[in-house]
Amino acid sequence: MATAGVDNLSRLPELKKKILWTFFLLAVYRAGIHIPVPGVDSAALADFFESVSNTLFGLFDMFSGGGLRNLSIFALGIMPYISASIIIQLLNVVSPDLKRLSQEGAQGRKKITQYTRYATVLITVVQGFGIAMGLESMVSPTGAPVVLYAGWSFRLITILTLTAGTVFLMWLGEQMTDRGIGNGISMIIFAGIVAGLPAAIFNTVRLMKAGEITLFLLIFILAFMIAILAFIVFMERGQRRIPIHYAKRMMGRKMMGGQTTHLPLRINTAGVIPPIFASSILLFPTTLASFSNIEWLSEMSAHFRSDSILYNVVFVALIIFFCYFYTAIIFDPKGIAENIQKQGGFIPGIRPGTKTREYIDRVLARITLWGSLYVAAICVIPMLLIAQFNVPFYFGGTALLIVVGVAMDFMGKIESYLISRQYDGLMGKGSKIKGR
């Protein structure tokens with residue numbers, strides 16, 4: 001199907017235009033990464049980031065595509081928008097007004113999107129102020145100050161620049177969704193992560209020439225990486241399908257129902273949110289320790305190194321917890337059971353109503369366990385590769401889950417577009433034949 005899709009690109013100008021729009025907007029994003037915020041010593045900032053690469057700054061820098069390391073106008077990336085979206089989703093559970101809006105169709109979703117944008121601006125302003133204050137206190141390992149001229153003028157410029165950059169990225173993502181292929185926000189995160197791939201390849205080649213990595217080890221790593229990618233694709237497509245039957249019933253003069261469908265439950269329902277939350281919590285002590293001289297905080301940070309057993313055990317436990325927690329937030333077995341009952345459906349062998357809800361909840365709990373173990377395994381792999389095989393790049397974890405997920409979604413959208421165009425073409429031919 002993929003080969004047929006490439007062959008058909010020249011015959012589908014609309015699809016080609018969408019793909020070109022996607023790459024053009026991604027190029028605009030990558031160009032903005034290299035535009036720095038005024039008033040910062042870039043060399044001193046780069047030296048500082050080398051010393052705090054294993055803290056929250058390293059995690060945020062990965063999602064911003066290197067923008068935080070350069071302190072570019074896109075330094076915060078799209079993370080404030082993602083944080084705002086997660087907060088709004090959490091508030092949907094406790095706020096009756098937001099829950100009612102989410103059930104009002106397109107108009108309600110439009111209102112929620114507007115609230116998400118407002119929350120994004122607020123989060124960006126707060127983070128921008130925090131970054132400006134933090135930069136003024138930063139010095140490189142050589143003792144050079146990161147900020148050339150500290151004061152309120154620098155703080156205001158930094159807040160305005162970072163806020164404008166994040167708002168522009170929001171708009172860019174929406175334009176990409178409308179004019180291009182796939183989800184624009186996901187594509188921006190994808191581009192930021194993939195941007196570090198060339199540097200990893202060059203570093204690997206350099207180490208191989210220097211004799212620090214053998215050819216056998218490199219072949220083994222490449223084969224292992226291909227196997228992991230295939231495993232992630234398999235698991236991300238994996239789902240448990242619960243059969244649902246609809247009884248026949250008369251509606252006016254028509255007989256309705258009598259059909260069988262299924263309720264798909266994904267193995268990884270929570271997506272990449274659990275490892276993001278878990279990483280943020282575990283990297284928090286290390287981040288605080290890098291800015292303070294408190295002895296007990298430094299000792300805690302030493303115990304929570306990414307290559308320590310304690311870190312990885314707690315990391316796995318937090319991922320499992322957040323997988324269950326986030327799945328419970330975004331998936332409502334009670335509402336699904338009620339909708340099935342209202343439409344006259346039932347699960348074979350299960351009574352409608354409460355029993356159906358309990359059954360769906362039980363099945364979801366079982367597959368979430370396997371899904372959480374799968375996510376935890378993928379996230380622990382980078383630590384094992386770096387510690388045991390001295391791999392010179394970060395492979396696995398949240399970044400790999402995002403890259404594979406976005407790539408699968410991108411190819412799926414292209415395939416769906418091709419199928420829809422072929423279907424439209426057949427319908428057009430059919431109408432011409434009918435007209436004759």
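The protein comprises 18 helices and five strands, where helices (H or I, at least four residues) and strands (E, at least two) are DSSP runs numbered from the N terminus. The model is predicted: local features need pLDDT of at least 70 and side-chain atom pairs count only at pLDDT 80 or more, whereas totals for chains, interfaces and linings use all residues. Residues are numbered from 1 along each chain as its sequence is written, and side-chain values use heavy atoms, with hydrogens and water left out.

Of the 436 residues, 43% count as buried, that is, under 20% relative accessible area with a 1.4 Å probe and protein chains only. Contacts (heavy atoms within 4.5 Å) between residues at least 6 apart in sequence join, in 71% of cases, residues at least 24 apart.

The predictor's confidence in each residue, pLDDT, runs from 0 to 100. Its average over the protein is 78, and 77% of the residues score at least 70. For residues 430-436 pLDDT stays under 50, and the model has zero contacts beyond four places in sequence. Where pLDDT is low, the predicted coordinates should not be read in detail.

The whole structure contains zero disulfides, a disulfide being a pair of cysteine sulfur atoms within 2.5 Å. Cys323 is in no disulfide, and the nearest cysteine sulfur, that of Cys379, is 8.7 Å away. Cys323 is buried at 2% relative accessibility, and Cys379 is buried with a relative accessible area of 2%.

Conventions: Buried < 20%, exposed > 50% of the residue type's maximum accessible area, 1.4 Å probe, protein only.
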